[in-house]
Amino acid sequence: MITLHQASKHYTTSSGPFQAVQSVSLHVEEGEIHGFIGTSGAGKSTLLRLMNVLEQPDEGNVVVNGDELTRMPEKRLREARRSIGMIFQHYHLVHNRTVSGNVAMPLELAGVPKKERALRVRECLQFVGLADKAEQYPAQLSGGQKQRVAIARALANRPAVLLCDEPTSALDPQTTADILGVLREINRELGVTIVIVTHDMDVVRSICSRVSEMRDGRLLSTQPVGGPSDSSKAGEGEAHE
Ligand SMILES: Nc1ncnc2c1ncn2[C@@H]1O[C@H](COP(=O)(O)OP(=O)(O)OP(=O)(O)O)[C@@H](O)[C@H]1O
Ligand SMILES: [Mg+2]
């Protein structure tokens, strides 16, 4: 579903060029939930932005859902990006728009007619369990509710892929579990392939089928994740019932 072939990205900084992602090749399979972990600055967010070509790679290729996104003309790239949703740690909602106004935004940009737009907004808000908040403003919502709005907005164009950059890092454990439940449903019921960057191994264990580790801009490894009861490495002092 997502293939990167020797993708690299550097940034120009005051102390010279900095290689944020170095020749990364990887394949995210259709239908999987793929986690990315690694220390701060390892290049995880940059890698995610390469996957929808918010950042053009300096070298290498990015193929998503059969589309070679690298060096695609801007208009076609905009269309291709509709099949790739994205959510962030701090939600990135538009504060002077209502919940439904936020979810409608990508549909407006895609030129979806008004009636169809209203239907899709309602459908997406129902999916994330926020139909009753449609006319509220983001400031009136909890963190978990804001993330649900962001998820509904990311689903509006019916994407094949959802990219998530630390979607639960600002949330408490219960809200994290709720949001992970929503992501799992999106994967299972809508068949959306999910990529999730996280610092939290519990998130990986809870929903990922595979996990990749990054360090210093490079991909160190990709491994399958054990089932939810993979707690065999618990400390020796653990009591058993
Ligand atoms: N726009 C930019 N300009 C210059 N340097 C950047 C830019 N974006 C990222 N970097 C640098 O590239 C490196 C990788 O950044 P990136 O945000 O991808 O890391 P990350 O793994 O997501 O880290 P974190 O876990 O803290 O979110 C960092 O050293 C960062 O300072
Ligand atoms: Mg990051």
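**Figure 1. Contacts across the predicted model.** Among contacts in the protein (heavy atoms within 4.5 Å) between residues at least 6 apart in sequence, 66% join residues at least 24 apart. This is a predicted model, in which local features need pLDDT of at least 70 and side-chain atom pairs count only at pLDDT 80 or more, while totals for chains, interfaces and linings use all residues. Residues are numbered from 1 along each chain as its sequence is written, chains are lettered from A and ligands numbered from 1 in the order in which they are written, and side-chain values use heavy atoms, with hydrogens and water left out. The secondary structure comes to seven helices and 10 strands, these being DSSP runs (H or I, at least four residues, for helices; E, at least two, for strands) numbered from the N terminus. Of the 241 residues in the protein, 46% are buried, a term that stands for under 20% relative accessible area with a 1.4 Å probe, counting protein chains only.

**Figure 2. The largest nonpolar core.** A nonpolar core is a set of buried Ala, Val, Leu, Ile, Met, Phe, Trp, Tyr and Cys residues joined through side-chain atoms within 4.5 Å. The largest one holds 41 residues, of which Leu125, Ile151, Leu162, Leu183, Ile186 and Ile196 touch the most other members. Among the elements that give two or more residues to this core are strand E3 (33-37), helix H4 (114-127), strand E7 (161-165) and helix H6 (173-190). Helix H5 gives the most to this core, with six residues. In soluble globular proteins, nonpolar side chains tend to be buried together.

Figure 3. Glutamine 147 is found in helix H5, which runs over residues 143-155. Is glutamine 147 buried or exposed? With a relative accessible area of 0%, glutamine 147 is buried. Leaving aside its neighbours within four places in sequence, glutamine 147 is in contact with Ile87, Phe88, Gln89, Tyr91, Pro167 and Ile179.

**Figure 4. Helix H3 and the glycine that follows.** Helix H3, which spans residues 99-109, is mostly covered, since eight of its 11 residues are buried. Among these buried residues are Val99, Asn102, Val103, Pro106 and Leu107, and the buried residues of H3 pack against H4 and H5. Glycine 111 follows H3, and the phi of glycine 111 is positive, near 75 degrees.

Key: Buried < 20%, exposed > 50% of the residue type's maximum accessible area, 1.4 Å probe, protein only.
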